[in-house]
2 protein chains.
Amino acid sequence: MGRDGKPTRDKILTESKALVLDNGFSGTSIDQILERTSITKGAFFYHFKSKNDLALALIQEHAREDKAEMDRALEKTEFFRDDPLKRLLQFVQEFIDTMSSLQKPYPGCLYASFIYEAQNFSQEINNYICDSISIWRDTLKILLHDVLREYDTRLDVDIESLADLFKVIFEGAFIVSKALDEPDVIAKQLIHLKNYFELVFESKK
Amino acid sequence: MGRDGKPTRDKILTESKALVLDNGFSGTSIDQILERTSITKGAFFYHFKSKNDLALALIQEHAREDKAEMDRALEKTEFFRDDPLKRLLQFVQEFIDTMSSLQKPYPGCLYASFIYEAQNFSQEINNYICDSISIWRDTLKILLHDVLREYDTRLDVDIESLADLFKVIFEGAFIVSKALDEPDVIAKQLIHLKNYFELVFESKK
DNA sequence: AATTATACAGACTAGTTGGTATGTTTAAAT
DNA sequence: ATTTAAACATACCAACTAGTCTGTATAATT
């Protein structure tokens with residue numbers, strides 16, 4: 001009954017995400033999206049009942065991919081579970097590897113883009129962003145507490161904010177990388193995060 | 001000849017900056033600005049020949065204040081010039097102090113806001129942002145090289161990216177702070193930067 | 001007091017915006 | 001072959017957008 005709409009919907013999401021990261025959500029018109037996807041208004045409003053509905057779908061999709069990347073890195077580092085610090089360091093290294101082969105600056109993060117025009121969005125969307133970033137905090141907190149069971153810290157550190165530091169550096173690096181048009185900023189900043197982890201923890205005597 | 005227009009112009013800049021940080025630049029209409037400032041279209045377009053002209057003025061003004069804060073912190077830490085590490089740490093501490101008394105999340109940074117809709121702006125504006133962030137890099141590089149003359153590093157660090165880390169953490173902390181609606185994120189993240197500086201440098205033997 | 005340039009007020013416009021209404025095509029199920 | 005619902009296409013609209021135009025108030029200068 002009718003043809004398959006998923007490719008169209010996916011195309012809309014992919015192209016509009018790219019447009020939003022360049023122009024902002026308010027700065028991206030539906031007509032622009034239609035041009036990039038070579039579809040028409042009828043098709044667009046068949047898949048999304050409003051522009052705000054597209055925003056919600058964009059964030060949900062981004063949150064899905066975001067969490068998937070986190071889980072992938074978690075799985076790949078399970079091998080080091082016996083040494084929680086090694087695991088933590090390798091966890092960061094996974095993202096260094098991903099980010100060190102960029103030719104152009106990373107297009108950026110939808111969370112950040114949306115946060116800087118948060119008043120245009122429904123509370124539902126803003127909650128979604130809040131929850132998604134909290135997941136990183138909670139996950140990193142677990143990894144850090146595992147480390148603390150076997151390591152001391154060379155100075156007093158607040159673990160919750162140390163968990164946040166991961167996303168903080170990512171988001172900040174995106175912005176500086178885009179501003180300076182230097183793709184390698186992101187990987188280089190993540191190396192400093194890894195350095196900090198290496199320096200702040202020491203084996204219990 | 002005619003009355004003083006500076007208060008009006010300043011009011012436009014102040015209110016539109018606040019609006020832009022909440023709604024994005026494209027998401028902020030001139031009518032919104034008129035409502036917030038209680039002026040009329042005639043007054044607005046007397047002071048700014050176009051909306052893009054306002055964008056340029058906003059960035060220039062923000063860059064001015066941004067640099068002023070940096071210079072203020074530099075001056076306040078000149079006292080520690082004999083110990084470059086102490087000076088660097090105190091430099092960071094100055095911003096920790098400023099950011100630790102926030103009741104609401106810091107409204108954010110115009111550079112970041114603009115970067116996420118960069119395609120809507122002229123090259124002149126984007127260059128302005130690039131130059132402004134480069135100033136932080138260059139200034140921190142000087143402070144760091146001063147440190148390196150009297151200290152060793154506990155592990156290999158790239159100085160240029162270490163200089164960038166300052167703005168990276170600031171920008172990232174703004175976003176996470178806004179997303180989670182937690183004002184204290186910024187100061188806490190800056191403390192980690194200070195920690196990192198403390199840990200990475202050690203006195204030459 | 002008259003002049004003059006500055007600083008603003010407010011009605012107006014052409015183009016763009018998100019969104020709708022109605023019709024048409026597609027392809028699986030009967 | 002016919003039906004049927006999903007997947008589009010296209011013309012259209014009201015509201016909003018940035019920007020203009022013409023007129024008026026203000027205050028220092030002559």
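Me: Which residue meets Lys17(A) in a salt bridge?

Reply: This is a predicted model, in which local features need pLDDT of at least 70, side-chain atom pairs count only at pLDDT 80 or more, and totals for chains, interfaces and linings use all residues. Side-chain values use heavy atoms, with hydrogens and water left out, residues are numbered from 1 along each chain as its sequence is written, and chains are lettered from A and ligands numbered from 1 in the order in which they are written. A salt bridge requires a side-chain nitrogen of Lys or Arg within 4 Å of a carboxyl oxygen of Asp or Glu. At 3.4 Å, N to O, the partner of Lys17(A) is Glu65(A).

Me: How much area do domain 1 of chain A and domain 2 of chain A bury between them?

Reply: The domain assignment, automatic or from a database, gives domain 1 (1-48) and domain 2 (50-203) in chain A. Buried area is the accessible area (1.4 Å probe) that two parts lose on being put together, summed over both. With 68% of it on carbon and sulfur atoms, the area buried between these two domains is about 1,500 Å².

Me: Which residues of domain 1 of chain A lose the most area to domain 2 of chain A?

Reply: Across this interface the rule finds one salt bridge. Together accounting for 47% of what the domain 1 side buries, the residues that lose the most area are Lys17(A), Leu21(A) and Phe25(A).
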